[in-house]
Every structure is written in C-alpha cells, then in structure tokens.
Amino acid sequence: MTAGGGSSRGPFMGIPRHLLTTLLPLLEEATAGAIAVDSDARITWINASYARLIGDAPERLVGRAIREVIPATRMPETVRTGQPRLLDIMEFRDQQLVVSRLPVEEDGVVVGALAFVLYDDLQPLAPLMSKYRRLQDDLAAARRALARRTARYSLSDFVGASPAALDVKRRARLAAGRDTPTLLLGETGTGKEILAQAIHSASARADRPFVGVNLAAVPENLLEAEFFGVAPGAYTGAGQRTREGKFQLAHGGTLFLDEIGDMPLALQAKLLRVLEEQQVEPLGSNQVQQVDVRVIAATSRDIGAMLADGTFRSDLYYRLNVLEIRVPPLRERLQDLGILCEALLEDIALGGELHAELTSDALAVLELYHWPGNIRELRNTLEQAMTMNEGEGALSANEVHAVLPGGRDNGSPAATSAAMVRPLAETVADAEQAAIESALRAAGGNRSRAARLLGISRSVLYEKLSKLS
Ligand SMILES: Nc1ncnc2c1ncn2[C@@H]1O[C@H](COP(=O)(O)OP(=O)(O)OP(=O)(O)O)[C@@H](O)[C@H]1O
C-alpha cells in the first residue's frame with residue numbers, strides 16, 4: 001500500500017510518526033542540524049541550527065521542496081524507498097556534512113523523513129572523512145585527466161613569422177573553418193600535433209573532445225580495439241563492459257591520427273569504410289554505431305613513396321587529403337629560429353628556476369645546425385644547455401655547441417679548424433648514427449624508450465635504423 005508518494009515495506013525501519021511530536025521539540029535547540037520532510041519531500045520542520053547554516057529563517061524554509069534548498073540532498077530517495085541512510089557524506093556549499101536520514105512511518109507506510117546533520121565537531125569521524133577526501137581527490141584527478149582530452153594548443157602556440165610559417169597558419173585557419181578531413185605532412189617535431197589541436201580549437205567542434213592516437217605507439221594487434229572499441233565478452237579477458245574506442249570517445253569532436261603512415265593495410269581498409277559511412281563496429285559486436293568525427297591525420301613518412309610502393313592505400317589517401325598542409329622543417333625556416341628560441345626558453349624556464357636567454361653567438365651556432373629532429377630537437381637542445389649552464393647568465397655559443405650532436409667531441413666552434421670541416425650531410429649522418437647508437441645503449445635496446453630519449457617517434461627511429469642496416 002502506498003500513500004502520498006510514500007512506499008510500504010515489510011519490516012519496520014523508520015520512526016513512527018507519533019514520536020515526532022516528542023522528538024522535534026527536543027531537537028529544536030540541538031547544536032547539530034535536524035530537518036523533517038513530508039511524503040512530497042517538502043520541508044515540514046527545521047531546527048534553528050540547520051536554518052542558520054542554510055542562512056534563512058525556519059518559517060521561510062518550511063513548505064519548500066528540500067531539493068531547492070539543499071541541492072545535494074537525498075531525502076527524496078529516503079521518502080521514496082523507505083530505506084534509512086546512516087552517516088552519509090553530503091556536500092553543501094563547499095562544506096562536507098555527515099547526514100543520517102530515517103524514514104518516518106505511519107501504519108507501515110512512509111509519510112516523510114527526518115535527517116540529523118553533523119557539521120561541526122567531526123573529529124570522531126576523522127578516518128571516514130579523510131577517506132572521503134582521498135576519494136574526492138582521486139575523482140578530481142580523473143576529471144583532470146578527462147579534461148586533457150580537450151585540445152591544449154591554439155594557433156598562437158605555433159610560433160613562427162617566416163613566410164613559410166605564415167602560410168601554414170593561413171592553411172590551418174582554412175582547415176578550422178571547414179569540417180573536412182585534413183592531412184598534415186612534415187618531418188618529426190615540426191609541430192603537426194600542435195597544429196592539429198589548434199585547428200580543432202578554432203573549429204566549430206572546439207568544445208567537444210579532441211582525441212589523439214599515435215599509430216606508431218600502439219601494437220598492431222591492439223589497433224582495431226583501440227580504434228573501434230570492444231563489445232562485452234568479445235574475447236577472453238575482454239571484460240563484461242563495453243570498452244569505447246577512440247572513434248566513440250571522439251564523437252562530436254576531432255580524432256587526430258598521428259603517424260597514419262604506420263597504419264597496417266588491413267586497418268587502412270576498415271578506416272576508409274568508417275570515414276565513408278561514419279559508422280563503427282566494436283570488436284566482437286555485430287551492431288554498428290553512428291559516429292560524427294572529424295579526422296585530422298599526420299605523418300612524417302614520405303607518403304608519396306608509400307603510395308607508389310602500395311604500402312598506403314591511395315583511396316584512403318584521397319579521403320584524408322581533402323585539405324593538405326605541408327609543415328616545413330626547421331632548416332627551411334631558420335628565420336624563425338630567434339623567436340622560436342625565445343618562446344621555447346620562456347616555456348622551459350616556466351617549469352623551473354633556470355634563467356632563459358641566448359647570446360647572438362649562440363643563435364649563430366644553432367643556425368648552422370641541420371635540425372633533423374626539428375623544433376622538438378631544438379627544445380631538447382635548449383633544455384640541456386640550460387641545465388648545464390645552471391642559470392649562470394645567457395647561454396653562450398660554447399654551451400650550445402657542447403650539447404649539439406658531436407659538439408663535445410669537436411670542442412668549441414672557435415677551435416674547429418677548416419681541415420676538420422666535412423660536408424654537412426656527412427657530419428649530420430654520422431652524428432645521427434652516433435646519437436641513435438647511444439640512445440639504444442642507454443635504453444638497453446628498447447626501441448620505444450630510445451625513440452623517446454631522442455625526441456623522435458618510434459616509426460622515425462625504425463626508418464632510420466632500416467637505412468643504417
Ligand atoms: N611552431 C612551433 N612553435 C612552438 N613550438 C613548437 C612548434 N612546433 C613544434 N614545437 C615544439 O616541438 C614539440 C613537438 O611538436 P609536435 O609534437 O607538434 O611535432 P610533430 O610534428 O607532431 O612530431 P611527430 O611527427 O614526431 O609526432 C612540441 O612539444 C613543441 O614544444
């Protein structure tokens with residue numbers, strides 16, 4: 001039997017209504033808060049202490065829906081389910097209250113609820129409260145991690161004022177205004193990811209997710225699950241819950257496919273179908289899901305050569321390449337070296353106490369270098385030089401030279417005689433080989449770690465290793 005929104009239950013678990021007449025006057029002056037609601041979860045009574053905490057007079061609070069006054073309350077549930085809820089933690093205006101809620105009953109029917117609220121002396125509950133705060137902190141961290149799914153960069157983060165850089169920015173703005181697939185081509189470390197995020201941030205999808213996936217970093221056998229998700233129980237160990245793929249996570253937003261040149265041919269065919277139909281089928285499921293995703297892809301590989309030797313499907317290439325942006329290597333826009341150094345040094349210094357300046361001689365040394373790792377390598381170089389310099393004034397030419405590949409062996413630039421100078425390409429190739437060898441040694445042969453140490457992607461490292469062997 002149910003009356004006025006209340007519910008009937010078996011064993012008695014609440015306060016008999018007739019006891020309220022005795023109980024409420026006793027609670028009137030209690031230091032802890034107390035509040036009663038009827039079967040519609042409207043306030044029927046509130047003591048002076050709780051009214052003070054809420055900041056209103058009891059007579060103005062009585063008659064109002066409790067949810068209007070205390071948004072996080074669970075009193076309506078107590079009324080609905082008839083279940084008592086003891087020592088619950090409730091947020092109220094940045095404060096944590098410990099609340100016990102009991103249903104009020106008459107003839108076995110729930111006719112309201114009464115809550116006792118502790119907010120001052122929570123010392124006896126310290127272990128419970130500290131566990132709660134820990135969980136709150138974990139939750140905040142998880143939320144922050146989720147927020148990272150949104151893009152961090154905007155177009156102003158792509159530093160550069162050379163004609164080549166301005167052209168890249170112009171095309172990126174064009175890409176932001178269109179909802180078409182976009183392909184970013186350029187060597188490693190040229191800023192393709194910054195651009196992808198910037199295009200998203202300036203597009204109509206800006207407040208929706210930006211999801212990036214680096215194809216070179218995901219083992220081939222996991223790629224399909226990573227992309228399209230996994231249905232419950234799809235395979236042993238798949239779990240009983242649906243695992244969303246990157247396409248589902250990016251729904252409504254932008255999916256950035258980094259190192260698209262590393263995508264296996266079989267998956268290329270599936271990706272093409274998804275792009276054409278905007279539908280994905282999670283692994284182990286026979287149901288398709290509609291997705292609305294804008295794709296930005298990038299590669300540092302020679303895509304032309306891959307098309308020619310059949311390792312990249314031309315139909316997928318044309319699908320992705322509706323708008324193409326070529327991001328020039330740093331050596332083709334050395335004009336930007338000065339402002340890039342300034343921006344990078346400032347950024348690096350923000351992370352520590354180090355001084356951030358560069359002498360014009362040091363800049364001249366940097367201009368002579370070939371920059372195979374582009375701006376990422378420039379950043380690493382400046383970071384290393386700053387660490388060595390330990391904040392002792394502006395970085396000198398010698399300090400910068402010492403951290404460039406082969407720099408320490410060759411001594412200072414001033415000490416280099418003309419006889420020691422070899423063709424640049426040769427010097428760079430040797431330096432590159434030496435850097436790769438020492439990175440592999442430092443990483444104990446682990447290629448992913450070695451690539452990270454070198455500031456290049458795994459696929460670029462593989463490419464370089466295949467050329468060396
Ligand atoms: N135009 C730029 N302005 C400022 N910083 C830049 C620029 N381009 C690159 N960088 C710096 O270089 C780093 C590498 O950039 P990013 O990851 O965008 O390169 P990428 O081309 O995507 O490289 P990869 O092909 O290896 O993934 C960035 O973290 C940033 O510090």
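**Packing, sheets and the ligand shell**

The buried residues of helix H21 pack against helix H20 (447–454); contact requires C-beta atoms, placed from the backbone, within 7 Å. In H21 (residues 458–468), Ser-459, Val-460 and Leu-461 are buried, that is, 20 or more other C-beta atoms lie within 10 Å of their own. Helices (H or I, at least four residues) and strands (E, at least two) are DSSP runs numbered from the N terminus.

This is a predicted model, in which local features need pLDDT of at least 70 and side-chain atom pairs count only at pLDDT 80 or more, while totals for chains, interfaces and linings use all residues. Residues are numbered from 1 along each chain as its sequence is written.

An open sheet of five strands runs in the order E8-E9-E12-E7-E13, with parallel pairing; two strands pair if DSSP finds at least two bridges between them. Strand E8 (210–214) and strand E13 (323–326) stand at the edges with a single partner strand each, so one side of each has no neighbour in the sheet. E8 pairs with strand E9 (residues 254–258) in the parallel sense over five bridges, and Asn-214 has Asp-258 in E9 as its bridge partner.

Strands E2 (residues 33–38) and E3 (residues 43–46) pair in the antiparallel sense over three bridges, and Val-37 is partnered by Ile-43 in E3. The two strands form a hairpin with four residues between them, and Ala-41 in the turn has a positive phi of about 60°.

Around the ligand are 18 residues, of which Val-159, Gly-191, Lys-192, Glu-193 and Ile-375 come nearest; a residue is near if its C-beta atom, placed from the backbone, lies within 6 Å. Helix H8 (192–201) and helix H16 (374–389) are the elements that give two or more residues to this shell.

Definitions and conventions. Buried ≥ 20, exposed ≤ 12 C-beta atoms within 10 Å, placed from the backbone. Contact = placed C-beta atoms within 7 Å.
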